[in-house]
Each structure stands twice: as C-alpha cells, then as structure tokens.
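Subject: Structure for your files

Hello,

Please find the structure below, with the sequence. My notes on it follow.

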Amino acid sequence: DNNTWKTSVPLSVLRDVLAFVYTGKYDEVRGRKDSLTLLAVAAEYQLDAFCSILVDICIQRISVATVVDIVCAARRFDRLKEECFRFMRKHSVYLLAVPSFIQLSTNHP
C-alpha cells in the first residue's frame, strides 16, 4: 500500500520522537528506558537538539549494569563515549566481573 510506512521503531519511541519534533519537549521520565533507542532514531533523523538531551540522559544512566550498552550506542557521540570511558577507568575492578564487559572487545572491536 502506498500510504503505509513500515518501521521497526517501537511505537513508544516513535511517539516520543514526534512529540519532540512538534513541541520541542521530551518527557524524560516516561522515555527513560528507551533512551538508547531514542538516541539512535534521533541521530538517524538528524535531530541534534534531541540528541543532545538524550546524550545527557544517557550520561546520567551510566552504571556498571548499563555502561556496555551505552558505549556500544555512543559511536557518533564523543561526549558520551568519553563519559563511558571515564566511568570504565574509574570502575574497572567492578566491570571485570561483568560478562558483557569482558566480551566487549570481542563483540565490538
């Protein structure tokens, strides 16, 4: 059908992207769990202001449990990568017990 647009983006993420486009605002509490997916979509559509907001949120979310996922998603965002690497250096002892961290260099060279 010519009037159908197919996407693999979850509806909640698409809703947040469109809300930001139309209002310039983002409901951080509602979208917190989708921040990495939102960041990828915002980057794809070159929504730089939204990317900046999402990078700040991702930086706040960096923890032993999240740093691997965040650094993998941070390819295009130097500030986010720097914060992830800073966290990794500071918490390296704890990260060595996290299997996904150990596999990081193998899975994401």
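**Contacts of leucine 47**

Apart from neighbours within four places in sequence, leucine 47 is in contact with Val17, Val21 and Ala42, where contact means heavy atoms within 4.5 Å. Leucine 47 sits in the loop between H3 and H4.

**Basis**

This is a predicted model, in which local features need pLDDT of at least 70 and side-chain atom pairs count only at pLDDT 80 or more, while totals for chains, interfaces and linings use all residues. Residues are numbered from 1 along each chain as its sequence is written, and side-chain values use heavy atoms, leaving out hydrogens and water.

**Overall make-up**

The protein chain has nine helices and zero strands; both are DSSP runs numbered from the N terminus, with helices being H or I of at least four residues and strands E of at least two. Along the sequence the pattern reads α-α-α-α-α-α-α-α-α. The chain has 109 residues, and 37% of them count as buried (buried is under 20% relative accessible area, exposed is over 50%, partly exposed is in between; 1.4 Å probe, protein chains only). Of the contacts with a separation of 6 or more, 46% are between residues 24 or more positions apart.

**Core**

The largest nonpolar core contains 33 residues, and Leu39, Phe50, Leu54, Val67 and Leu80 have the most contacts inside it. Such a core is a set of buried Ala, Val, Leu, Ile, Met, Phe, Trp, Tyr and Cys residues joined through side-chain atoms within 4.5 Å. Two or more residues each are given to this core by helices H1 (11–23), H3 (35–44), H4 (48–61), H5 (67–73) and H6 (78–90). H4 provides the largest share, six residues. Beyond its neighbours within four places in sequence, leucine 39 touches Cys51, Leu54, Val55, Cys58, Phe77 and Leu80.

**Aromatic pairs**

How many aromatic pairs does the structure hold? There are two. Rings of Phe, Tyr and Trp (its six-membered ring) pair if their centres lie within 6.5 Å; planes under 30 degrees apart are stacked, over 60 edge-to-face and the rest tilted. Phenylalanine 20 and phenylalanine 50 are stacked, at 4.3 Å centre to centre and 10° between the planes. This pair links helix H1, which holds phenylalanine 20, to helix H4, which holds phenylalanine 50, 30 residues apart. Phenylalanine 20 is buried at 10% relative accessibility, and phenylalanine 50 is buried at 0%.

The other pair is edge-to-face, because the rings of tyrosine 26 and phenylalanine 50 have centres 5.2 Å apart and planes at 65°. Tyrosine 26 is in the loop between H1 and helix H2 (28–31) and phenylalanine 50 is in helix H4, so the pair ties together parts 24 residues apart in sequence. Tyrosine 26 and phenylalanine 50 are both buried. Through these ring pairs, Phe20, Tyr26 and Phe50 form a cluster.

**Surface**

Leu18, Val21 and Tyr22 make a nonpolar surface patch of about 350 Å². Patches of this kind take residues with over 30% relative accessible area and no salt bridge, with nonpolar side chains (Val, Leu, Ile, Met, Phe, Trp, Tyr) joined within 5 Å; a salt bridge is a side-chain nitrogen of Lys or Arg within 4 Å of a carboxyl oxygen of Asp or Glu. Tyrosine 22 belongs to helix H1 and is exposed, with 71% relative accessible area.

Regards

Methods
Patch = residues over 30% accessible without salt bridge, like charges linked within 9 Å, V, L, I, M, F, W, Y side chains within 5 Å. Areas by Shrake-Rupley, 256 points an atom, 1.4 Å probe, with all protein chains shown as cover.
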